[in-house]
Amino acid sequence: MARVALLAVFAVLAALAVAEMASGAVTCGDVTSAIAPCMSYATGQASSPSAGCCSGVRTLNGKASTSADRQAACRCLKNLAGSFKGISMGNAANIPGECGVSVSFPINNNVNCDTLH
């Protein structure tokens with residue numbers, strides 16, 4: 001269950017990369033760095049996302065301008081999902097809203113990276 005929740009978190013955060021990246025592709029390193037500060041909230045160890053988490057979410061939101069970039073970021077996040085335990089799906093789903101970042105798709109474990117536009 002925790003892995004499924006983490007997949008959803010990562011898929012959502014990857015999809016946040018929908019905004020505006022003028023220079024090119026998002027790397028898995030970019031994605032990992034952006035979301036790492038969110039793990040304490042996603043695992044229930046913190047009562048709200050940290051400033052670093054929200055900054056990372058905003059950064060990721062600005063990293064991709066094409067469907068291919070967003071899909072690549074999503075895949076990176078899904079690959080990372082297996083290495084984390086104890087994710088709260090509720091907390092994961094709340095991260096964008098808690099950080100004041102709007103996403104236009106549902107936050108759940110059924111997000112298909114190939115359908116992100």
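**Figure 1. The buried residues of helix α4 in the predicted model.** The buried residues of α4 are Cys53, Cys54, Gly56, Val57, Leu60 and Asn61. Around the helix axis they cover an arc of only 160°, which puts them on the same side of α4. An α-helix has 3.6 residues a turn, so residues three or four places apart point the same way. The model shown here and in the views that follow is a predicted one.

**Figure 2. The packing of helix α2 against helix α4.** Helix α2, made of residues 28-35, packs with helix α4, made of residues 51-61, at an angle of about 150°, and the two axes lie 7 Å apart. Because angles over 145 degrees count as roughly antiparallel, α2 and α4 are therefore described as roughly antiparallel to each other. On the α2 side the contact is formed by Val31, Ala34 and Ile35, which meet Cys53, Gly56, Val57 and Leu60 of α4. The residues of this contact divide into 6 nonpolar, 1 polar and no charged. Cys53, Gly56, Val57 and Leu60, which take part in the contact with α2, are also among the buried residues of α4.

**Figure 3. Thr32 in helix α2.** This view stays with α2, the helix in which Thr32 has its place. Thr32 has a relative accessibility of 33% and therefore counts as partly exposed. Although Thr32 and Cys76 are 44 residues apart along the chain, their C-alpha atoms are separated by 8.3 Å.

Figure 4. Ala25 is found in the loop between α1, which spans residues 2-15, and α2. With a relative accessibility of 55%, Ala25 counts as exposed. When residues up to four places away in sequence are not counted, Ala25 touches Asp30 and Asp69. The C-alpha atoms of Ala25 and Ala73 are separated by 8.7 Å, while the two residues are 48 residues apart along the chain.

**Figure 5. The buried face of helix α6 and the residue Gly100.** In α6, the buried residues are Asn91, Ala92, Ile95 and Pro96. Seen down the axis of α6, these buried residues fall within an arc of 145°, so they line one face of the helix. Just after α6, Gly100 takes a positive phi of about 75°.

Figure 6. Asn91 has its place in helix α6, which runs over residues 89-98. The relative accessible area of Asn91 is 17%, and because buried means under 20%, Asn91 is counted as buried. Leaving aside its neighbours within four places in sequence, Asn91 is in contact with Tyr41, Ala42 and Gly44.

**Figure 7. The protein chain as the setting for the close-up views.** Of the 117 residues in the protein chain, buried residues make up 42%. Among the contacts between residues at least 6 apart in sequence, 87% join residues that are at least 24 apart. The accessible surface of the protein chain comes to about 5400 Å², and 52% of this surface belongs to carbon and sulfur atoms.

Notes. Residues are numbered from 1 along each chain as its sequence is written. This is a predicted model: local features need pLDDT of at least 70, side-chain atom pairs count only at pLDDT 80 or more; totals for chains, interfaces and linings use all residues. Side-chain values use heavy atoms; hydrogens and water are left out. Axes are lines fitted to C-alpha atoms, for helices over the stretch in contact, and angles run from 0 to 180 degrees between N-to-C directions. Helices (H or I, at least four residues) and strands (E, at least two) are DSSP runs, numbered from the N terminus. Angles under 35 degrees count as roughly parallel, over 145 as roughly antiparallel, 65 to 115 as roughly perpendicular and the rest as oblique. Contact means heavy atoms within 4.5 Å. Ala, Val, Leu, Ile, Met, Phe, Trp, Tyr, Cys and Pro count as nonpolar, Asp, Glu, Lys and Arg as charged, and the others, Gly among them, as polar. Buried means under 20% relative accessible area, exposed over 50%, partly exposed in between (1.4 Å probe, protein chains only). Accessible areas come from the Shrake-Rupley method with a 1.4 Å probe; for residues, only the protein chains shown count as cover. The arc is that of the directions from the helix axis to the C-beta atoms.
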